[in-house]
There are 2 protein chains.
Amino acid sequence: MDPSKVKIPVLKDLTIDNITENVHRINSTCADPRLKYILEQLVTHIHDFARETRLSTNEWMAGIEFLTAVGKICTDVRQEFILLSDILGLSLLVDSIDHPKPPQSTEGTVLGPFHTHDAEHLALGTNISHDPNGTPCLVVCNVRDTDGKPVEGVKIDIWETDSKGFYDVQYSDYGKPDGRVVMKSDAEGVFWFKAIVPVPYPIPHDGPVGKLLMQLGRHCWRPSHMHFMFEKGGYDHLITALYLRGDPYETSDAVFGVKDTLVVDLGTVDAEMAKKYGVKEGDKLLSYDFVLVSDEQSRKLREENAMKAMEKLGRRMKLYNGLPVPDVD
Amino acid sequence: MDPSKVKIPVLKDLTIDNITENVHRINSTCADPRLKYILEQLVTHIHDFARETRLSTNEWMAGIEFLTAVGKICTDVRQEFILLSDILGLSLLVDSIDHPKPPQSTEGTVLGPFHTHDAEHLALGTNISHDPNGTPCLVVCNVRDTDGKPVEGVKIDIWETDSKGFYDVQYSDYGKPDGRVVMKSDAEGVFWFKAIVPVPYPIPHDGPVGKLLMQLGRHCWRPSHMHFMFEKGGYDHLITALYLRGDPYETSDAVFGVKDTLVVDLGTVDAEMAKKYGVKEGDKLLSYDFVLVSDEQSRKLREENAMKAMEKLGRRMKLYNGLPVPDVD
């Protein structure tokens with residue numbers, strides 16, 4: 001960081017009104033146009049936030065202490081900043097922007113902080129939950145493209161809590177993965193497994209995010225759901241979840257994950273299915289037709305949406321690696 | 001967090017366009033009107049930031065990882081979130097909002113991350129720096145009110161780096177405070193001490209904030225300065241610093257601390273002063289007349305500024321503990 005090699009425009013005498021343009025000036029030599037644009041927007045919004053709230057030094061310090069506590073509680077298996085993003089609706093928003101869905105395709109939702117990379121890759125039909133207190137639930141789903149054709153060989157991550165509402169990694173004596181699996185759809189696009197009926201659960205609320213929810217008069221519950229993540233070359237990465245209709249938290253999910261199209265009714269396993277899938281007649285049944293979007297469809301829609309949004313803001317922009325930056329040429 | 005005791009308005013089906021109002025709805029039962037307003041503005045600005053940048057999932061995740069790293073590097077003697085706030089110009093802005101200064105009073109500036117609470121309380125005239133390589137500098141200042149009357153008994157915190165540009169707490173073998181002191185102004189409002197001529201120094205740049213500066217093409221230097229903090233009942237808390245004119249970083253301070261009125265020229269100790277203060281003739285001399293604002297003046301100005309700003313935004317607001325909240329009565 002030899003200062004003689006850095007050319008910084010001269011700053012002006014700083015005031016409440018000109019500090020923002022001065023920060024833009026000092027950041028204006030950034031070589032990456034996307035980082036420069038992101039910082040410009042970030043600084044503008046943070047400053048406007050402070051000006052529009054007349055943020056006090058005490059409030060600012062409370063914010064500094066809050067963010068520090070959020071950072072301090074993060075571990076390899078707990079991401080409190082993602083949780084914070086979730087309860088502010090930011091995670092849902094970013095997913096919606098980045099993974100736009102044409103009509104009839106499956107909507108995405110929040111990833112949440114409990115996806116891990118150590119789930120076992122197992123065959124179709126496996127039992128993913130070893131909780132003896134869970135209510136058995138047969139899950140039979142299929143994956144299609146927007147033309148209705150089955151998609152074979154999609155890598156599908158599935159994860160759910162146990163019957164107490166805890167993920168495997170939340171136990172201090174966590175040994176090996178449970179309630180999660182990675183499997184692949186078959187030639188008919190079908191994937192199925194044995195699981196337990198999802199239950200509502202509180203997001204981790206013993207940390208700073210939980211305290212914030214309390215102060216806001218909010219609860220920390222998520223409605224019953226099961227997570228699904230779909231990956232296959234040529235298709236847009238789909239992170240989603242299915243929610244059980246009638247759950248007490250269906251309309252007040254602490255992390256804004258519920259979308260109408262992702263709410264399902266559980267069915268019942270009949271005699272024929274029981275025989276076919278090796279489960280008991282009368283067991284609960286979860287079925288869903290997932291529809292994947294191609295990378296190309298997704299990219300096109302994302303870029304169209306981006307340029308439309310920029311036009312609406314009256315900003316002259318161009319795409320840079322598929323993301324908007326000022327068009328200064 | 002018994003859900004039956006929490007009344008949350010029903011959320012609507014979530015989209016890019018309505019997620020913000022939905023987050024406002026879920027936060028709308030917050031009992032503290034100020035917290036509610038702050039969260040509303042925060043959520044609005046964070047969401048607008050994501051919509052206006054079309055923030056991608058990868059960029060969001062980079063942000064999550066950045067904030068986590070910022071939190072992780074914080075210790076009792078290193079506050080990387082304050083540093084982040086500093087290099088984004090937020091610290092300077094918040095200080096300017098919270099401590100407005102009428103003309104002729106001394107302007108405030110950034111606290112920075114190196115103020116500590118363990119400085120020794122010593123008599124006027126003490127030598128605060130024990131660095132044998134520093135250039136001696138006599139500091140003789142006085143404190144007055146806006147009517148020009150001396151203010152006696154003001155508690156003054158002073159801190160500066162050693163000649164290498166490091167604060168005491170930055171050394172791994174940090175034992176006891178050096179380069180810092182707390183003293184009180186005398187009956188004439190005078191305070192004086194022996195120090196060393198401040199030098200430019202880099203802000204800590206081995207952490208995530210330093211990396212961000214690099215990516216932005218910015219340097220990490222602060223121009224030569226000495227910190228001063230003034231406290232006395234009835235007067236607005238003043239956090240400020242004096243900067244040496246002609247410093248190579250005078251116009252590009254990494255943390256936006258320099259204000260024209262705080263830039264000073266060093267003088268030279270003459271024979272009479274040398275005798276009076278027990279220093280060498282020809283030593284460097286730093287003099288400044290600090291002017292404190294009363295609590296009452298400051299409060300009035302802050303509240304006037306706040307209401308003017310709210311009016312300009314077209315928001316119908318009232319003051320709540322001196323800070324604006326929506327006037328919904």
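A: First a term: two strands pair if DSSP finds at least two bridges between them. Helices (H or I, at least four residues) and strands (E, at least two) are DSSP runs, numbered from the N terminus. This is a predicted model, where local features need pLDDT of at least 70, side-chain atom pairs count only at pLDDT 80 or more, and totals for chains, interfaces and linings use all residues. Residues are numbered from 1 along each chain as its sequence is written, chains are lettered from A and ligands numbered from 1 in the order in which they are written, and side-chain values use heavy atoms, with hydrogens and water left out.

Q: OK, how many bridges join β8 of chain A to β9(A)?
A: Two. Strand β8 covers residues 238-244 of chain A and runs parallel to β9(A). Across that pairing, A:Leu244 stands opposite A:Val264.

Q: What is the strand order in that sheet of chain A?
A: It goes β3-β2-β7-β8-β9. The sheet is open, has five strands and shows mixed pairing. β3 (180-184) and β9 (263-264) of chain A are the edge strands, each pairing on one side only.

Q: What holds paired strands together in general?
A: Strands of a sheet pair through backbone hydrogen bonds, either parallel or antiparallel.

Q: Over to chain B. How do β2 and β3(B) run, parallel or antiparallel?
A: Antiparallel, with five bridges joining β2 (residues 155-159) of chain B to β3(B). B:Trp159 stands opposite B:Arg180 of β3(B).

Q: And how many residues of β3 in chain B are buried?
A: Four of its five, so to count as buried a residue needs under 20% relative accessible area (exposed is over 50%, partly exposed in between; 1.4 Å probe, protein chains only). Strand β3 spans residues 180-184 of chain B and is mostly covered.

Q: Helices next. Which residues of α1 in chain A are buried?
A: In α1 (residues 19-27) of chain A, the buried ones are A:Ile19, A:Thr20, A:Asn22, A:Val23, A:Ile26 and A:Asn27. Seen down the axis of α1(A), they fall within an arc of 160°, so they line one face of the helix. That arc is taken over the directions from the helix axis to the C-beta atoms.

Q: What covers them?
A: The cover includes α2 (33-53) of chain A, together with α5 (90-98) and α6 (208-216) of chain B. Contact here means heavy atoms within 4.5 Å.

Q: How many residues of α5(B) are buried?
A: Nine of its nine. Among them are B:Leu90, B:Leu93, B:Val94 and B:Ile97. The buried residues of α5(B) pack against α1, α2 and α3 (57-73) of chain A, and against α4 (80-87) and α8 of chain B.

Q: What does UniProt place at residues 32-105 of chain A?
A: The unreviewed entry gives the feature "domain: Catechol dioxygenase N-terminal" there. UniProt positions follow the numbering used here, feature names are shortened, and annotations may be inferred rather than shown by experiment. In the model, residues 32-105 of chain A are 74% helix and 0% strand, with the end C-alpha atoms 34 Å apart.

Q: Charges now. How many salt bridges over all chains?
A: There are 28. The rule is a side-chain nitrogen of Lys or Arg within 4 Å of a carboxyl oxygen of Asp or Glu.

Q: Which residue does B:Arg51 meet in a salt bridge?
A: B:Asp48, at 3.1 Å, N to O. They sit three residues apart in helix α2 (residues 33-53) of chain B, about one helical turn. B:Arg51 is buried at 14%, while B:Asp48 is partly exposed at 22%.

Q: And B:Glu296, what is its partner?
A: B:Arg299, with the closest N and O atoms 2.7 Å apart. B:Glu296 is partly exposed at 45% relative accessibility.

Q: Which cysteine sulfur is closest to that of B:Cys74?
A: The one in A:Cys74, 12 Å from it and too far for a bond. B:Cys74 counts as buried, at 3% relative accessibility.

Terms used
A disulfide is a pair of cysteine sulfur atoms within 2.5 Å.
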